[in-house]
Amino acid sequence: MQFAAHIPFVEHLGLELRRFGGGEAEVALALREALTNSWGVAHGGVLMTLLDVAMAHAARSVHRHPDDAPGVATVEMKTTFMQPAEGVLAGHGRLLHRTATLAFCEGWVVDDHGHRCAHATATFKYLRALPTRGRKLNELRRPAPRPEST
């Protein structure tokens, strides 16, 4: 399954979209050494990224046509780290409530043994475009397909 938007950081980390629909989403990541902390377990930033991406996709997943769904921007996020995370990690997101402009979500990360490693709640704002440097608007749409490498 492909992500609906091109997100360079997510691609760099190697996240995989496993489930997307009905107010829920799941993303996965095989932990590698470059993503660990000094104790050799998942860095907290990696866990927060899994949570953020899973919840953001849960927020977008209720639209009839996900490719045309508005983008979301994280407004706030509260994270609790419960235990060290190792192996293949799965971030789960669930939409709890939405308004016309906001989505309220919860998420959790489990390791490949099913142990819950982190939990979060977050608020997202639905956006059609995002002002960037120079106040130019960047539309939040699926990019054109990239040519296959040979």
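**Briefing on a predicted single-chain model**

The count of disulfides comes to 0, where a disulfide is a pair of cysteine sulfur atoms within 2.5 Å. The model is predicted: local features need pLDDT of at least 70, side-chain atom pairs count only at pLDDT 80 or more, and totals for chains, interfaces and linings use all residues. Residues are numbered from 1 along each chain as its sequence is written, and side-chain values use heavy atoms, with hydrogens and water left out.

**Overall composition**

- The chain has 2 helices and 8 strands; helices (H or I, at least four residues) and strands (E, at least two) are DSSP runs, numbered from the N terminus.
- Starting at the N terminus, the order of elements is α-β-β-α-β-β-β-β-β-β.
- Of the 150 residues in the chain, 39% are buried; buried means under 20% relative accessible area, exposed over 50%, and partly exposed in between (1.4 Å probe, protein chains only).
- The chain exposes about 8,900 Å², and carbon and sulfur atoms supply 54% of this area, as computed by the Shrake-Rupley method with a 1.4 Å probe.
- Of the contacts between residues at least 6 apart in sequence, 59% join residues at least 24 apart; a contact means heavy atoms within 4.5 Å.

- Six strands form an open sheet in the order 1-2-4-5-6-3, with antiparallel pairing; two strands pair if DSSP finds at least two bridges between them.
- Strand 1 (16-21) and strand 3 (71-81) are the edge strands, each pairing on one side only.
- On average, neighbouring strands of this sheet are turned by 20° against each other, direction ignored; axes are lines fitted to C-alpha atoms, for helices over the stretch in contact, and angles run from 0 to 180 degrees between N-to-C directions.
- Strand 4 (residues 88-98) and strand 5 (residues 102-110) run antiparallel and are joined by 8 bridges.
- Arg 94 has Glu 106, in strand 5, as its bridge partner.

**Helix 2**

- Helix 2 (residues 44-60) packs on the sheet and touches strand 1, strand 2 (24-30), strand 3, strand 4, strand 5 and strand 6 (116-127).
- The direction of helix 2 makes about 135° with that of strand 3.
- Helix 2 has 17 residues and reaches 24 Å from its first C-alpha to its last, close to the 24 Å expected, a span defined as 1.5 Å times one less than the number of residues.
- Because 13 of its 17 residues are buried, helix 2 is largely enclosed by the rest of the structure.

**Cysteines**

- Cys 105 is buried, at 1% relative accessible area.
- Cys 117 also counts as buried, with a relative accessibility of 0%.
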